[in-house]
Amino acid sequence: MPIPIIRRALLSAAMLGLAASLIAGPAVAGSLDVIASFTAKPSQLDVATYTDPNQKQSKVGLLSISHSNAIALGAADWKSLIDLVHKAAAATASAAWTVVGSIKDVSKDVATLTVSSGPGLRFVISSAKGGTLTHILPKSDIARLEKALAQVSDALSK
C-alpha cells in the first residue's frame with residue numbers, strides 16, 4: 001500500500017521545510033501538488049495531492065497541518081472528507097466547538113483527522129509520529145477550502 005511511503009516522504013520533506021524540492025528529488029519518486037494553503041497563526045492547513053507513478057494507487061489526497069502532520073486519503077475516503085467538511089460547515093453558528101466527525105488513513109502510522117464546527121472549522125490531525133496538531137479555519141475561508149477539496153477530488157477521479 002502506497003500510503004506509508006507517501007506519509008513518510010511528505011512528513012520528512014515537510015519537517016525539513018523543503019517539501020517540494022525533496023519530493024521532486026531523486027530520493028523520492030513522487031510529486032506533491034499543493035492546491036491551496038490556509039494560514040491562521042500559528043498554523044497552516046495545506047490541501048494537496050501526492051503522485052507516485054511507482055505505486056499501484058498512484059495518487060492520493062493530502063491534508064496537512066504546518067508541514068508536520070498529514071492525513072493521506074484515496075478517492076473514496078476523500079469524498080467522505082468532503083461530506084464531513086460540508087456537514088461541519090453547515091453547523092458553524094456556535095461559539096463553542098462541537099466535534100462533527102473523524103476519518104483515519106490506512107498508513108502504518110495511522111493518522112486521525114477530527115473536524116469540529118463552531119466559530120469556524122477546527123481540524124486536528126493526530127498520529128504517533130506527528131503528534132497532535134490543530135488548525136482553526138475562519139468561516140471566511142470555508143468556501144475556498146471546499147473548492148480546494150473538490151479540485152483534489154477531481155484529480156483523484158482521473
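## Strands 1 and 2

T39 has Q44 as its bridge partner in strand 2, and A36 is likewise bridged to V47 of strand 2. Strand 1 (residues 31–40) and strand 2 (residues 43–51) run antiparallel and are joined by 9 bridges. The two form a hairpin, with 2 residues between them. Helices (H or I, at least four residues) and strands (E, at least two) are DSSP runs, numbered from the N terminus. Two strands are said to pair if DSSP finds at least two bridges between them.

## Basis of the model

The structure is a predicted model, in which local features need pLDDT of at least 70 and side-chain atom pairs count only at pLDDT 80 or more, while totals for chains, interfaces and linings use all residues. Residues are numbered from 1 along each chain as its sequence is written, and side-chain values use heavy atoms, with hydrogens and water left out.

## Overall architecture

The protein has 4 helices and 8 strands. Along the sequence these elements follow the pattern α-α-β-β-β-β-α-β-β-β-β-α. Of its 158 residues, 47% count as buried; buried means under 20% relative accessible area, exposed means over 50%, and partly exposed lies in between (1.4 Å probe, protein chains only).

The accessible surface of the protein comes to about 7500 Å², and 56% of this belongs to carbon and sulfur atoms. Accessible areas come from the Shrake-Rupley method with a 1.4 Å probe, and for residues only the protein chains shown count as cover. Among contacts between residues at least 6 apart in sequence, 46% join residues at least 24 apart, where contact means heavy atoms within 4.5 Å.

Another open sheet of 4 strands has the order 5-6-7-8, and its pairing is antiparallel. Its edge strands are strand 5 (98–104) and strand 8, each of which pairs on one side only. On average, neighbouring strands in this sheet are turned by 20° against each other, direction ignored. Helix 3 (residues 75–90) packs on the sheet and touches strand 5, strand 6 and strand 7; the direction of helix 3 makes about 175° with that of strand 5.

Strand 7 (residues 120–127) is mostly covered, with 6 of its 8 residues buried. Strand 6 (residues 112–117) runs antiparallel to strand 7 and is joined to it by 6 bridges, and a hairpin of 2 residues connects the two strands. Within this pair, V115 stands opposite F123, and S116 has R122 as its bridge partner. Strand 7 also pairs with strand 8 (residues 131–138), in the antiparallel sense over 8 bridges. Here I125 is bridged to L133 of strand 8, and the hairpin from strand 7 to strand 8 passes through 3 residues.

## The two sides of helix 3

Helix 3 has 16 residues and reaches 23 Å from its first C-alpha to its last, close to the 22 Å expected at 1.5 Å a residue; the expected span is 1.5 Å times one less than the number of residues. The buried residues of helix 3 are W78, L81, I82, L84, V85, A88 and A89. These residues cover an arc of only 165° around the axis, which puts them on the same side of helix 3; the arc is that of the directions from the helix axis to the C-beta atoms. A76, D83, K87 and A90 are exposed on the other side of helix 3.

An α-helix has 3.6 residues a turn, so residues three or four places apart point the same way.

## L149 in helix 4

L149 lies in helix 4 (residues 142–156) and counts as buried, because its relative accessibility is 2%. Not counting residues up to four places away in sequence, L149 touches V47, W78, L81, I82 and V85. Of these, W78, L81, I82 and V85 are among the buried residues of helix 3, while V47 is the bridge partner of A36 in strand 2. L149 and G61 are 88 residues apart in sequence and 8.7 Å apart in space, C-alpha to C-alpha.

Definitions and conventions:
Axes are lines fitted to C-alpha atoms, for helices over the stretch in contact, and angles run from 0 to 180 degrees between N-to-C directions.
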